[in-house]
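User: I'm new to reading protein structures. Could you walk me through one, feature by feature?

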Amino acid sequence: MARSGTSLTASIVAHKGYYASTEEDIVPADNMNPSGYWEAESLISANVALLQAAGFSHHNTWIFEEITEEQVNRLDELELNEQQLALLDTYNK
C-alpha cells in the first residue's frame, strides 16, 4: 500500500526490537523511498498470493479497483498451506 505508512510503521517495530525479517528479505531502498522500506519481500509475496487466491487480480488495492465483499469472504474461508503456516511461525517466534 504505497504512501500509507507501512515502511514507517515497520521501521518503528524493527527499531523497538521486534522481528521484522531477515536483512536479506527486506525490500531495499530505491528512488521512491531512499530511507528504505523495512517490509519483508516474503510477507509481501504471501499477501499477493492470498489476494490472488481470493480472486483479486492485482497485487494491491490502492491503485486498482476495491476488493469485493465476495473476495473478502473467500479470504476468510481460505485455509493456510504449509508454506504460509511456516511464515507465520517465523514471525510468531
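User: Let's start with Q71. Is Q71 buried or exposed?

Analyst: Keep in mind that this is a predicted model. To judge burial, you look at the relative accessible area, and anything under 20% counts as buried. Q71 comes out at 10%, so Q71 is buried.

User: Where in the chain does Q71 sit, and which residues is Q71 in contact with?

Analyst: You'll find Q71 in helix α3, which covers residues 69-77. If you skip the neighbours within four places in sequence, Q71 is in contact with A54, G55, F56 and E66. Look at G55 in particular: its backbone oxygen lies 2.9 Å from a polar atom of the Q71 side chain.

User: Now H59. Is H59 buried, partly exposed or exposed?

Analyst: H59 has 45% relative accessibility, so H59 counts as partly exposed. You'll spot H59 in the loop between α2 (41-53) and α3. Beyond its neighbours within four places in sequence, H59 is in contact with V48, L51 and F64.

User: How far apart are H59 and A20?

Analyst: There are two ways to answer that, along the sequence and through space. H59 and A20 are 39 residues apart in sequence, and their C-alpha atoms are 21 Å apart.

User: What about helix α1? Which of its residues are buried?

Analyst: Helix α1 runs over residues 6-15, and S7, A10 and S11 are buried there. Now picture looking down the axis of α1: the buried residues fall within an arc of 100°, so they line one face of the helix. After α1 comes G17, with a positive phi near 100°.

User: Okay, zooming out. How many helices and strands are there?

Analyst: Counting elements gives you a quick outline. The protein chain has four helices and zero strands, so reading from the N terminus you get α-α-α-α. The C-alpha trace spans about 35 × 30 × 20 Å along its principal axes.

User: How much of the chain is buried?

Analyst: Of the 93 residues, 24% count as buried.

Notes:
Residues numbered from 1 in each chain as written. Predicted model: local features only at pLDDT ≥ 70, side-chain atom pairs only at ≥ 80, totals over all residues. Heavy atoms only, no water. Helix = DSSP H or I, 4+ residues; strand = E, 2+ residues; numbered from the N terminus. Buried < 20%, exposed > 50% of the residue type's maximum accessible area, 1.4 Å probe, protein only. Arc of directions from axis to C-beta. Polar contact = N/O pair within 3.5 Å; in protein donor to acceptor, adjacent residues only side chain to side chain. Contact = heavy atoms within 4.5 Å.
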